[in-house]
Amino acid sequence: MCQAGEGMDKQVAKDIVLKALYEVAPDLEGVEVKYDADLRRFYDIDSVDYLSFIIKLHKQTGRDIPEADYPKLTSIDRAVAYLAEN
Amino acid sequence: MSDFLMPMLGADMEKGTLVKWFITPGAHVNRGDVVADVETDKGVIAVEIWQSGDIEQILVEPGQEVAVGTVLAKMRSVADKERPSVPGPKIIEQPMPSEAEIPQRVHASPLAKRIAEDLGVDLIKIKGTGPNGAITRADVEGAAKRLKEIPQPTVIAEAVAAPVTTGVASSDQMRRAVAAAMVRSKRDIPHYYLQTDVNVQKLMSWLTEENRRIPVTERILAIAPIMKAIALGLRESPEFNGFYKDGAFQPQSDINLGMIISLRGGGLVAPGITAVDVASVPEIMSRLRDLIERGRRGKLRSSEITSPTVTISSLGEQGVDVVYGVIYPPQVALVGLGGIRERPWADSGMVGAAHQLTITVSADHRVSDGHLGSRLLNRISELLQNPEAL
């Protein structure tokens with residue numbers, strides 16, 4: 001958990017993002033990770049998977065990720081940066 | 001005594017492999033309990049039991065592949081217990097497979113069988129001393145005596161896993177299963193197709209507003225209110241909600257909507273959400289999220305595979321505008337959802353832009369016709385104009 005307004009450690013953020021991704025898409029485990037790839041196009045994450053992914057990030061960090069911020073979380077890298085910077 | 005059979009998990013299933021038992025002889029089970037994992041062409045399914053009672057005997061071991069209808073276990077149901085061993089009217093048996101399909105058939109005299117049942121002895125575990133290795137009355141009584149000396153497990157023991165469990169079936173297997181069901185569908189069901197463009201501008205604005213207001217965990221996607229509208233529409237059009245079996249249509253009172261999930265490794269599953277017409281939109285959303293997550297993990301329950309009365313195919317996110325689906329037998333209708341996109345919309349002599357969705361229905365002409373189908377589509381469209389009322 002991190003406090004609002006306080007950045008999160010990048011490694012911690014990365015672990016959280018990967019864990020959430022593998023939970024919504026267990027079939028991706030073992031596939032080579034492409035950090036900059038588009039989650040929807042490259043990993044075939046549909047809108048229901050994506051919502052589950054966002055909810056898992058929220059549960060792990062306590063962050064309220066508004067829908068308007070979705071464009072900032074389109075890849076693993078970007079999601080990590082989003083959690084680390086905010 | 002009742003039989004617990006290898007269930008038919010979908011129209012295309014012929015056999016299944018027992019992967020894991022969650023029960024042991026002597027265990028008490030309640031209606032709805034998950035008692036075993038069964039691997040099918042669709043992945044591993046958690047199989048529920050539909051009677052309460054005590055498990056007497058397990059006949060199929062983990063790793064064994066058996067035909068649909070094979071007896072997996074024998075149980076003494078609650079009903080049996082109330083009138084023990086009275087040779088009264090026989091309970092109607094479920095259809096039995098041919099004897100050749102029953103694994104580990106026991107060779108025992110009728111008397112020995114009856115005594116074994118009374119004494120609660122598992123015949124499979126007895127070595128027969130009679131002619132051709134048949135189990136005799138003396139064998140059963142001897143075994144019963146030995147059983148008394150050995151403490152019997154009364155609680156659910158640790159589940160024994162077979163070495164074959166893989167979670168999700170291979171895409172080849174799944175492709176074959178889908179192929180079999182679809183060939184049957186196109187051969188037997190005279191499909192007709194209807195489509196309509198629905199203006200979903202109000203729905204999309206309502207969703208944006210709602211999602212800004214409610215916590216992240218309750219956020220809703222368009223699919224949830226659309227499923228609700230479909231379910232409410234079906235309630236007024238019973239000719240689409242049910243099964244076509246034995247040459248006749250059997251309408252269903254529950255409206256259970258199956259959702260086609262395409263798995264990344266290839267293959268499809270179409271598990272269902274039950275009673276969608278009486279569920280709230282947030283409830284539909286959370287159940288759908290749970291269903292899809294478990295579907296991808298190969299952790300579906302047998303009731304979720306067999307319950308759908310109508311299936312939905314939603315391909316909009318893959319850039320498709322219109323879906324003409326193939327009905328999943330024994331169902332009689334499939335609703336196709338294209339993508340929600342902003343397109344020109346003419347109204348009162350003016351052309352503006354509006355978010356639109358093309359909804360199709362593929363239906364069975366043996367049961368309904370274009371007139372009824374149009375009424376269903378129009379009703380769904382109408383319901384979607386009032387999203388806050390869903």
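In which sense do strand 11 (residues 242–245) of chain B and strand 12 (residues 248–251) of chain B pair? They pair in the antiparallel sense, over four bridges. This is a predicted model.

The two strands form a hairpin, with two residues between them. Asp246(B) sits in the turn and has a positive phi of about 50 degrees. Gly242(B), for its part, stands opposite Pro251(B) of strand 12 of chain B.

Next, the domains of chain B. The domain assignment gives domain 1 (2–161) and domain 2 (187–389). The two domains touch: 12 residues of domain 1 of chain B are in contact with 12 residues of domain 2 of chain B. On the domain 1 side, strand 5 (residues 43–48) of chain B gives the largest share, six residues. By class, that side of domain 1 of chain B holds eight nonpolar residues, two polar and two charged.

Now chain A and its confidence. The pLDDT of chain A averages 87, and 91% of the residues score at least 70.

| Element of chain A | Residues | Confidence in chain A |
|---|---|---|
| Helix 2 | 39–43 | lowest, mean pLDDT of 87 |
| Helix 3 | 47–61 | highest, mean pLDDT of 94 |

One stretch of chain A needs care. Over residues 1–5 of chain A, the pLDDT is below 50. Beyond near neighbours in sequence, this stretch has three contacts in the model. Where pLDDT is low, predicted coordinates should not be read in detail.

Note on methods
Residues numbered from 1 in each chain as written. Chains lettered and ligands numbered in written order. Predicted model: local features only at pLDDT ≥ 70, side-chain atom pairs only at ≥ 80, totals over all residues. pLDDT = per-residue confidence, 0-100. Contact = placed C-beta atoms within 7 Å. Pairing = 2+ DSSP bridges. Domains from an automatic or database assignment. Nonpolar A, V, L, I, M, F, W, Y, C, P; charged D, E, K, R; others polar.
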